[in-house]
There are 2 protein chains.
Amino acid sequence: MVGVVGGGQLARMMHQAGIPLGIRFKLLADTPQESAAQVVGTTVLGDYRDLDTLRAFAADCDVITFDHEHVPTEHLRTLQAEGVAVRPGPDALVNAQDKGVMRAKLDSIGVPCPRHRLVADPADVTAFAHEGEGYPVVLKTVRGGYDGKGVWVVRDETEAAAPFLAGVPVLAEEKVDFRRELAASVVRSPSGQAVAYPVVESLQENGICAEVTAPAPDLDPALSDEAQQLALRIAGELDITGHLAVELFQTRDGRILVNELAMRPHNSGHWSQDGAVTSQFENHLRAVLDLPLGDPRPRAKWTVMVNVLGGDYPDMYRAFLHCMARDPGLKIHMYGKDVKPGRKVGHVNVFGDDLEDVRERARHAAAYLRGTITE
Amino acid sequence: MVGVVGGGQLARMMHQAGIPLGIRFKLLADTPQESAAQVVGTTVLGDYRDLDTLRAFAADCDVITFDHEHVPTEHLRTLQAEGVAVRPGPDALVNAQDKGVMRAKLDSIGVPCPRHRLVADPADVTAFAHEGEGYPVVLKTVRGGYDGKGVWVVRDETEAAAPFLAGVPVLAEEKVDFRRELAASVVRSPSGQAVAYPVVESLQENGICAEVTAPAPDLDPALSDEAQQLALRIAGELDITGHLAVELFQTRDGRILVNELAMRPHNSGHWSQDGAVTSQFENHLRAVLDLPLGDPRPRAKWTVMVNVLGGDYPDMYRAFLHCMARDPGLKIHMYGKDVKPGRKVGHVNVFGDDLEDVRERARHAAAYLRGTITE
């Protein structure tokens, strides 16, 4: 029995991927309406911040893993000390939970990152800026951020005040003048087996992953190898179990810098459901159960994933029909969530030989579903 | 909400295929241990032969469909009369439930079948035999058979006695001297849209589908077209909604004859989970919901499916590990069933460009899982 903490779409898609493996699946969710709770057979409702809830949930699980990174690290340490198989383990996961810990760890193993340091107050941000090329500076709360939340790009000391209001430590980073964003994903098992997916290109809009192209077009094979090796090295050095997504900046002068780490299936890997021999969800489950890993290679020359965001119309059903009728090759993945403007409610994958065609089809479907185009 | 009657592996795989479509799924199962009941969020336990149970189950469903063909036809007629969307409908489904009805219907629309007629007793079987080329003759009870059950190949009048013991009408058919068995699958929606999968070759062992190769190797394109057209015509004439598998004999003189019909996802279509753009399970769900159908074309040059049968060892786990480690490209589909000798407990799909390689890998994995080989 695999226990998954969190009832979002990642747990939903893990469940889907686990069915062919014959895996029994149990979910800890907040409400029965959540994305994964709609489809998983065994759902326990409870608060993942409560140690006793976690302890009771884990009691009949062979292993627990995660839909998100918000479970308190100290609770995971307690569970692990009590004999629960927590994968990834708390010592690895803290690097995805706390950006300060992550930067310090990556520095210690010599992984290239944007220039960064913890800052004490707005005046310290200005000092940080002047240590480099000045403002703008990126500020991040070390915990709690996702999808652009907890991240600010500030142009002066006045703007630098906002991040400190929460009373959480703040990390300052140089604003990298990148050519594009890439993501290198690997999956690693407790016994140390690891596989690397092709490096993908990721387009972000307003801090949210909007579109992924696999593999990244026009990527120098040497840089691709470097990114894969880097991700494998991070997974090994941090002793990560399961899927690791390393979000990268490709700089204009051809270097790669680590932006963020995610230790669970990740939006940048959704293309693999229809574009790879083994999806990130299946390989994550194989890894946390220490099963041999599946082939991560692409099945198509190009696969493009575009996120479906909610638009102004709460009912997507007619748009859904239209998109299916227009493009029988479209792979639609809906999360069962209520439609709200800007909310991720699904994604589409399209694969094929012609990148322009594949990208146009995926973008069209996502825009039509959102309602920003009507033909 | 789609209600599925029956908790077997077909319902399990339908559920899996429905998750990305955002479909809510409800199951009517016998026990919580059944294959689909393990993974479906909403399972109702009850007897599918009881009208009130069916009525209560269907009350909050947009449509009901089936894991098997054993629901009494008259109950389905009652539900339909009461306004329940039953797909496929009882007038279509009866052709998959009652072989006498099916043969009469196919005769009436001019579909080529083996020589056949209902027989009254063993003496009548001998008369039937002598109307053609003599014994052996195939005898089938008109209802209740599957996976070789309810089918006898008899060599003389003494052997012909057994099928009559159950008191069910018996159908006699010539024993076709076939070159091989094929299957042509189509999916049809209530609005009349239909898609045809590539015609596959099916190998049977002891009346159970053992292996499927998609597409059927060395199949004359004209015969392939004929088989697809035949399946589309049957689906239309019988007004079938959902997946229809037409099991065919390819005779040594190059004709095709209809052996059986199945109106649900079918073992001969399991290859499509990993080998087609849209699986039979997804297209069946799209059809019963009258959603536009997905592309049925193959994604690989060859896909081979081999069923995993239970062997002498109840614990397949070590074999499972071995197979995954040996072949990272193997797609294993386990049904969550207890292992019993000869029981279908899963299947494996392998795809690729080299048919011999693909077939060897699939056969090896299935044999290793069963325990008939140990290396």
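1. Chain A contains an open sheet of four strands, ordered S3-S2-S1-S4, with parallel pairing. Its edges are strand S3 (42-45) and strand S4 (63-66) of chain A, each of which pairs on one side only. From one strand to the next the twist averages 25°. The model is a predicted one.

2. Within this sheet, strand S1 (residues 2-5) and strand S2 (residues 25-29) of chain A run parallel and are joined by four bridges. A:Val2 stands opposite A:Phe25 in S2(A). Helix H1 (residues 9-18) of chain A packs on the sheet, where it touches S1, S2 and S4 of chain A. The direction of H1 makes about 170° with that of S2(A).

3. The domain assignment divides chain A into domain 1 (2-86), domain 2 (115-174) and domain 3 (178-370). For domain 1 and domain 3 of chain A, the C-alpha centres are 23 Å apart. Their contact involves 20 residues from domain 1 and 21 residues from domain 3 of chain A.

4. Between them, domain 1 and domain 3 of chain A bury about 1600 Å², with 67% of this on carbon and sulfur atoms. On the polar side, the count is eight residue pairs in polar contact between these two domains, both residues at pLDDT 80 or more. One salt bridge is found across the interface of domain 1 and domain 3 of chain A. A:Glu69 forms a salt bridge with A:Arg264, with the closest N and O atoms 3.3 Å apart.

5. On the side of domain 1 of chain A that touches domain 3 of chain A, H1 and S4 each supply at least two residues. The largest share of that side, eight residues, comes from H1(A).

Key
Residues numbered from 1 in each chain as written. Chains lettered and ligands numbered in written order. Predicted model: local features only at pLDDT ≥ 70, side-chain atom pairs only at ≥ 80, totals over all residues. Heavy atoms only, no water. Pairing = 2+ DSSP bridges. Axes fitted to C-alpha atoms, helices over the stretch in contact; angles between N-to-C directions. Contact = heavy atoms within 4.5 Å. Domains from an automatic or database assignment. Buried area = accessible area lost by both parts, 1.4 Å probe. Salt bridge = Lys/Arg side-chain N within 4 Å of Asp/Glu carboxyl O. Polar contact = N/O pair within 3.5 Å; in protein donor to acceptor, adjacent residues only side chain to side chain.
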